[in-house]
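I opened this model to go through it step by step. My notes follow in the order I looked things up.

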Amino acid sequence: MAAKSRILIIGGTGIIGKFIVEASAKAGHPTYVLVRKSTLSNPDKGKLIENFKNLGVAILHGDLDDHESMVNAIKQVDVVISTVGPPQLAEQVKIIAAIKEAGSVKKLGKGQKSPNKLAQMETTAPPRDKVRIFGDGNAKAIFNTEEDIATYTIRAVDDPRTLNKILYLSLPKNIYSFNELVALWEKKIGKPLEKIYVPEEQILKEIKESQFPLNVFLALNHSVFVKGDHTNFAIEPSVAVEASELYPDVKYTTVEEYLHQLRFIPSEFGSDVDHTHVVEPAKSGFDTKVQIRRTVEAEGIPYTSVSCNYFAGYFLPATALSEPGASTAALRDEIIIFGDGNFKGIAEEIPYYSFLQQFSTWKIHYLRLPMSLLLLFGRRRSANPLRKSIFPRTKS
Ligand SMILES: NC(=O)c1ccc[n+]([C@@H]2O[C@H](COP(=O)([O-])OP(=O)(O)OC[C@H]3O[C@@H](n4cnc5c(N)ncnc54)[C@H](OP(=O)(O)O)[C@@H]3O)[C@@H](O)[C@H]2O)c1
């Protein structure tokens, strides 16, 4: 079974964040929370943090305004969930910048050949639109991480089977042609790339015409991807051994694994920001969420946006069913209905979190019902006959 993703929550001490931290830890994900130092001295939040620690959550000190602390935290994980509050929504660009620096690809292996940029010379990140392919792209190359190179090297030190031999790290799951590597990358990013095939004569010309160090990289890529120098010979047992055969217990990192991508879940947790008709003063907060969405997309950072709609935690039944701004007690006599009351709202649990601790059973039941049904329920339970007012309210 694949290991569970390591999750960092930024804003984990907030209203929504604390539920997500708990859900993550209880689901068995190695869970990290970025906590501001000043928050540790707050007695209420101190208790929350103690609770996190008891669940095995790692507390990392940091702040949106401390870029280095964010990069260091993000480097340790596979998924970043932001649950920062409304005042910090725009500041999520700082998280995006830190994600970019930490690397949009989890592990940047080098080894015999690193696939992290798919051998694109002019870029520091893997391609998202088009890719240059050396030759016909069919020669097989081998990609290994530094960690695995080190592990096998140390294993070989005292092993008589490696004495006076070449130790090849021809790890079977890491042998890919360039075409296969591009296909894998396309699968990971969910879209096809434009492929530009560069013939050998063109590569040799570019090697001659370019400066150091580009000419060296081009020459190495020509050897590996055009000539197939990693794999164009058989391993001769009298003079060589292969590492994964000698040490089958070593769990080496596969290309598939190190092309795994860091994912960002921005702080949304409300209506789908691309589909709201919200007016001011609430509109600007939604606009900021839209801008963050567009920035994440433009940067090519893999994301998931969580639209949990009108969740129930503190809105149901009291706030949603009572006059805005009035008492937060649940209604018993009169109800205000927005518009004609026919649009369906969605009342739901915060993902994975059980409200059992907070609500009695019947409320949990109705938390899962569409809002229109919930209104009917309110009518039935009311001790007095329910008077309906259509909003804006008319005096009766
Ligand atoms: N659908 C709904 O009904 C609904 C309801 C509420 C919220 N939401 C949405 O859920 C998201 C989270 O909102 P929330 O109300 O849960 O937020 P919140 O309670 O205000 O929590 C904000 C979090 O951000 C942290 N934070 C603030 N400034 C920071 C900084 N400079 N560096 C690092 N961390 C910082 C806070 O840490 P400290 O503890 O140190 O202050 C806290 O953990 C928002 O997108 C909001 O719009 C939706």
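The model is a predicted one.

**Entry 1: overview.** I counted secondary structure first. The chain has 15 helices and 13 strands. Of its 396 residues, 25% are buried. I then looked at contacts between residues at least 6 apart in sequence. In that set, 76% join residues at least 24 apart.

**Entry 2: confidence.** I checked pLDDT before going further. The chain average is 79, and 73% of the residues score at least 70. Residues 105–113 fall below 50, yet this stretch has 39 contacts beyond near neighbours in sequence. I found another such stretch at residues 349–396, where pLDDT stays under 50. The model gives residues 349–396 60 contacts beyond four places in sequence. Where pLDDT is low, predicted coordinates should not be read in detail. I leave both stretches there.

**Entry 3: ligand.** Which residues come nearest to the ligand? I listed 28 residues around the ligand, and Gly11, Thr13, Gly14, Ile15 and Gly85 come nearest. I sorted the shell by class.

**Entry 4: helix α4.** I picked α4, residues 67–74, and asked which of its residues are buried. They are Met70, Ala73 and Ile74. Why do they sit on the same side of α4? They cover an arc of only 95° around the axis, so they share a side of α4. An α-helix has 3.6 residues a turn, so residues three or four places apart point the same way. I then looked for what covers the buried residues of α4. The cover includes strands β1 (7–10), β2 (31–35), β3 (58–61) and β4 (79–82), along with helix α5 (92–102).

**Entry 5: nonpolar cores.** I moved on to the largest nonpolar core, which has 35 residues. Leu8, Ile9, Val33, Ile74, Val80 and Ile99 touch the most other members. Two or more residues each come from β1, α1 (17–26), β2, α3 (43–54), α4, β4, α5 and α12 (283–299). I traced Val80 in particular. Leaving out residues up to four places away in sequence, Val80 touches Leu8, Ile10, Ile74, Ile95, Ile99, Leu262, Phe264 and Ile265. There is also a second, separate core of 15 residues, with Ile133, Ala141, Phe225 and Leu259 among them.

**Entry 6: cis peptide bonds.** I went through omega next. Phe212 and Pro213 are joined by a cis peptide bond, with omega about 10°. Pro213 lies in the loop between α8 (200–209) and α9 (214–226). Glu280 and Pro281 are also joined by a cis peptide bond, with omega about 10°. I placed Pro281 in the loop between β11 (263–265) and α12.

**Entry 7: positive phi.** I then looked for positive phi in residues other than glycine. Asn164 has phi near 55°. Asn164 sits in the loop between α6 (146–157) and β7 (166–168). Phe269 has a positive phi of about 50°. I found Phe269 in the loop between β11 and α12.

Is each of the two buried or exposed? My cut-offs are 20 or more other C-beta atoms within 10 Å for buried, and 12 or fewer for exposed. Asn164 has 6 within 10 Å, so Asn164 is exposed. Phe269 has 23 within 10 Å, so Phe269 is buried.

Conventions
Residues numbered from 1 in each chain as written. Predicted model: local features only at pLDDT ≥ 70, side-chain atom pairs only at ≥ 80, totals over all residues. Near = placed C-beta within 6 Å. Helix = DSSP H or I, 4+ residues; strand = E, 2+ residues; numbered from the N terminus. Arc of directions from axis to C-beta. Contact = placed C-beta atoms within 7 Å. Core = buried A, V, L, I, M, F, W, Y, C linked by C-beta atoms within 7 Å. pLDDT = per-residue confidence, 0-100.
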